[in-house]
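Let's work through a few exercises on charged side chains and how they pair. Have a look at the structure, then follow each solution step by step.

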Amino acid sequence: MLRTLFSPRLVGLHLVTIGVLISFTLLGRWQLGVFEESGRPHAVGDPAPVALSTLVQADRRVPAEALSRRVTAEGTFDASRQLLVAERAPTVETGGGADRNAGYWLLTPLRLADGRLVPIVRGWVASATDPAVAVPQGTVRVAGRVQPSEPSDFAKRRTAPLPQGQVATVSTAELINVWSGVRLQDGFVVATEQVIPTGTAQDATARAQNGAAGNGAVRSGTPPSASARGQAVRLVDVPGPMVSGGFTWRNLAYAAQWWIFAAFAVFMWFHFVRDAVRADRETEDESPAAPVLDATPQA
């Protein structure tokens, strides 16, 4: 049997079968990867910035089409209500409490002309005593992206309460209780540019650098002037608009098809080998036996 299995004819069949199995398995895995990738959220076009009031109405929930959109808003910061969002990384894609040594988001309410407050994440600092915690005075323009209210379980549970003036999440339900007696806008805005008071030399410089848009803020890639450098904060990374993907079931069918082909190749290999072994055994059984010599002496 071993002589049959390792005959030149079957060795070639073994090698071809192994090559087919490897190829078809990898092709099926590739199609499965395409199927999995099709279901992941992906970025869409990033529209130009618009006024916050045109996307998010007063006393209304943040609509789905407004999420991660670029907006601008003008008003004055309420420094007395500023909070620190504790144990947060400089990105919105990670929850709170993941790293006890992480820094803080600067959460400052912006009072609009109609009196409502909009929670603004001005940036991230490593320490609560960082000079950048100081709130810009006067009228400011903020450019950022709209984010929905965070769920209460977005931060890991703590064994001890946070110090006064700190919160774990940017939750509208929680902020209503902390900032009582105000009209609070649902959701929050993450600043994508350094906030500079309007009517200042830095504001004029920012207008010139940002072109005709004139949104009154320094872009994240533009270094602030010397007078503004002391209050510069690290901006929080926030992705652009995303849409949920739709699974392409055709690719899943292609993956199953390649793996079925691989199984069929094994089935055919088994039958070819079995038939070859049977044929060799039948040949050995049908071969004529050697004549037996008579050892009896002749008279």
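**Exercise 1.** Find out which residue Arg111 forms a salt bridge with, and which parts of the chain the pair links.

*Solution.* Start with the partner: in this predicted model, Arg111 pairs with Asp78, with 3.4 Å between the closest N and O atoms. A salt bridge needs such atoms within 4 Å, so this pair qualifies.

**Exercise 2.** Work out which residues the salt bridges around Asp78 join into one network.

*Solution.* Look at Asp78 again: its side chain also meets that of Arg81 in a salt bridge, at 2.9 Å from N to O. Through shared partners, Asp78, Arg81 and Arg111 form one network. Now check accessibility. Asp78 has 14%, and buried means under 20%, so Asp78 is buried. Arg81 is partly exposed at 23%, and Arg111 is partly exposed at 30%.

**Exercise 3.** Take Arg61 and Asp186: how far apart in sequence are the parts that this pair ties together?

*Solution.* First, confirm the contact: Arg61 and Asp186 form a salt bridge, their closest N and O atoms lying 3.4 Å apart. Then locate them: Arg61 is in the loop between α3 (52–55) and β3 (70–77), and Asp186 is in the loop between α4 (172–178) and β9 (188–191), so the pair ties together parts 125 residues apart in sequence.

Conventions:
Residues numbered from 1 in each chain as written. Predicted model: local features only at pLDDT ≥ 70, side-chain atom pairs only at ≥ 80, totals over all residues. Heavy atoms only, no water. Helix = DSSP H or I, 4+ residues; strand = E, 2+ residues; numbered from the N terminus. Buried < 20%, exposed > 50% of the residue type's maximum accessible area, 1.4 Å probe, protein only.
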